[in-house]
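Have a look around the open space in the middle of the story, and then read on.

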Amino acid sequence: MRRVASGILPMIAIDRKAPKPLHRQIYDGFRAAIVDGNLHPGQRIPSTRVLAVELGVSRFPVLNAYAQLLAEGYFESRVGAGTVISTSLPDQITRGVPTAAGSKVSYIGPRPVARRTSLFPRLEAKPWLRGPGAFRVGQVAFDQFPLKVWSNLVARHCRQMDAVSMRYRNQMGSEAFRQTIARYLRTARSLHCDESQIMIVNGSQQALEITARVLLNPGDRVWMEEPSYNLARSVFALAGCRLVLVPVDDEGLSVEAGIKLSRKARAAFVTPSHQFPLGVTMSASRRFQLLEWAHNTGSWVIEDDYDSEYRFESLPIASLQGLDTNARVIYVGTFSKVLFPSLRLGYIVIPADLVDRFISVRQIVDIGPPEFFQHVIADFMNEGHFARHLRRMRVLYREQRTALVSCIGEELESALEVLGSEAGMHLPVALTRRISDREIAERGARQNLWLWPLSPYYAGKASRSGFVLGFGGTRVEEIQPAVRLLRKLLTLM
Ligand SMILES: Cc1ncc(COP(=O)(O)O)c(C=O)c1O
């Protein structure tokens with residue numbers, strides 16, 4: 001449907017060669033749109049003159065069709081408002097219930113889809129993903145976001161929109177924004193990079209999708225942390241790669257185990273700053289071992305640095321990319337944790353010699369990133385709001401984490417073991433009894449407690465069960481009632 005000056009125009013396919021007269025074709029087009037619920041009661045109809053021009057016909061058939069639609073009660077005339085879809089149509093028609101003329105679809109017959117889509121569980125199978133609230137992972141402190149500052153920047157950029165900003169833009173993203181990010185990464189994350197290596201993407205998820213397409217062939221082996229971030233695992237599975245499940249211990253991914261399992265793997269996916277989900281920080285010696293393996297075998301290291309800004313015990317740990325002297329690391333960052341996830345904005349830092357390959361693939365995937373919010377974030381960063389926001393959030397998240405850990409200590413000490421380092425926005429906890437974390441999470445979801453079970457993060461046999469408790473969006477005063485509810489659920493098992 002198209003919008004014209006005086007209202008929405010339904011898709012009316014005019015066929016001059018058809019035996020059906022033009023006025024009947026117009027009448028049928030409107031009637032079908034009303035019956036399907038695509039035109040709503042009270043909605044304005046274009047004038048006969050506008051419609052005739054749009055359809056490239058004379059006004060007579062349009063006048064004729066409108067007269068009939070009025071006479072049958074589909075249209076009504078309103079003084080001062082022109083012609084509108086009738087407000088007194090029977091509900092059954094306006095809700096788009098199938099009629100004999102039936103334009104509703106049916107799903108009969110074979111409907112083949114790619115076999116690999118069945119690799120991934122349906123969302124309904126995970127009730128703990130349904131709602132927002134205490135412990136939901138991936139939530140930031142939305143109510144603490146400086147919305148006023150943000151809205152002013154958005155308004156500023158709305159006013160600055162011009163014809164140039166409407167064209168196809170750079171596939172890598174706005175140059176000014178990439179310069180800002182490069183500066184930030186060099187300073188705050190010790191990366192070696194400049195803006196020519198930075199590709200703006202729709203969040204880490206797209207970063208991984210593009211990276212897999214550029215670097216990996218179906219059948220290639222990829223080291224995955226075990227347990228690992230399931231959406232990363234799915235990207236490599238969808239690319240047809242064979243996943244090599246490498247155990248994670250207190251120092252992060254065990255490089256020695258990886259080499260034993262598959263020395264010649266093409267790539268390793270790691271979350272070294274704050275392993276997801278177990279929360280450990282990769283030790284310096286493991287970092288060097290991993291880079292040495294990549295260097296010796298010509299493999300790639302994909303570093304997902306999703307929440308490294310939030311470290312509460314010491315300064316943020318420098319990135320793997322910053323230690324790498326052989327340009328083996330593809331670094332992935334996101335604004336989902338430091339700003340908010342609906343932005344869908346992140347970036348890849350690409351080894352300089354691979355930039356052209358990434359651009360060619362990017363062109364096919366989605367041509368390039370939407371640009372508007374890149375300008376907003378660049379100003380947010382350059383005018384100091386970003387640094388201020390991070391400082392505030394570090395204090396807040398530390399407070400929320402401390403409250404959660406101490407509440408677990410008081411209420412659930414014997415039932416849960418707290419894992420991981422003092423970082424990020426999620427707290428992994430292991431159950432000390434052998435009970436099903438999934439079942440508890442399902443029961444929790446029925447009471448609006450969003451516990452992410454730990455065991456599904458293992459692609460192989462889960463050696464631990466427990467939960468990943470998101471505390472970023474869980475206010476201090478929500479923590480005790482939520483922990484008590486969890487205790488109640490555990491005592492019932
Ligand atoms: C390990 C990991 N990487 C990345 C992300 C962020 O993904 P995105 O940037 O696609 O929102 C998350 C979010 O929870 C995560 O857990």
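Three elements, α7, α8 (230-238) and β15 (452-453), each give at least two residues to the lining of the largest pocket. Helices here are DSSP runs of H or I with at least four residues, strands are runs of E with at least two, and both are numbered from the N terminus. Keep in mind that this is a predicted model, where local features need pLDDT of at least 70 and side-chain atom pairs count only at pLDDT 80 or more, while totals for chains, interfaces and linings use all residues. Residues are numbered from 1 along each chain as its sequence is written, and side-chain values use heavy atoms, with hydrogens and water left out.

**The pocket**

The largest pocket has a volume of about 1,200 Å³. Of the 40 residues lining this pocket, Gln 205, Tyr 229, Asn 230, Leu 231 and Trp 452 are the closest to its centre. Helix α8 supplies the largest share of the lining, 6 residues. By class, the lining of the largest pocket splits into 21 nonpolar, 11 polar and 8 charged residues.

A word on terms: on a 1 Å grid over the protein atoms alone, a pocket is an open set of points with protein on both sides within 12 Å along at least five of seven lines, a cavity is a set where a 1.4 Å probe fits but cannot get out, and lining residues have an atom within 4 Å of a point. Ala, Val, Leu, Ile, Met, Phe, Trp, Tyr, Cys and Pro count as nonpolar, Asp, Glu, Lys and Arg as charged, and the others, Gly among them, as polar.

**The ligand**

Among the residues around the ligand are Gly 203, Gln 205, Tyr 229, Phe 276, Thr 334 and Arg 344, where being near means having a heavy atom within 4 Å. Helix α7 (residues 203-215) gives the most to this shell, with 3 residues. The shell has 3 nonpolar, 5 polar and 3 charged residues.

| Residue | Ligand atom | Distance |
|---|---|---|
| Asp 304 | nitrogen | 2.6 Å |
| Ser 336 | oxygen | 2.6 Å |
| Lys 337 | oxygen | 2.8 Å |

Taken alone, the ligand exposes 400 Å², and the protein buries 91% of that; these areas come from the Shrake-Rupley method with a 1.4 Å probe.

**Cavities**

The whole structure also holds 2 cavities of 30 Å³ or more. The largest cavity has a volume of about 50 Å³, and the residues lining it include Phe 276, Tyr 306 and Lys 337.

Pro 277 sits in the loop between β9 (267-270) and α10 (284-297). Another cis peptide bond links Glu 226 and Pro 227, with omega about 5°, and Pro 227 lies in the loop between β6 (221-226) and α8. Finally, Ser 190 has a positive phi of about 55° although it is not a glycine.

Note on methods: A polar contact is a pair of N or O atoms within 3.5 Å; within protein, one must be able to donate a hydrogen and the other to accept it, and residues adjacent in sequence count only if both atoms are side-chain atoms. Grid points are joined across faces, edges and corners, and a volume is the space filled by probe spheres set on the points.
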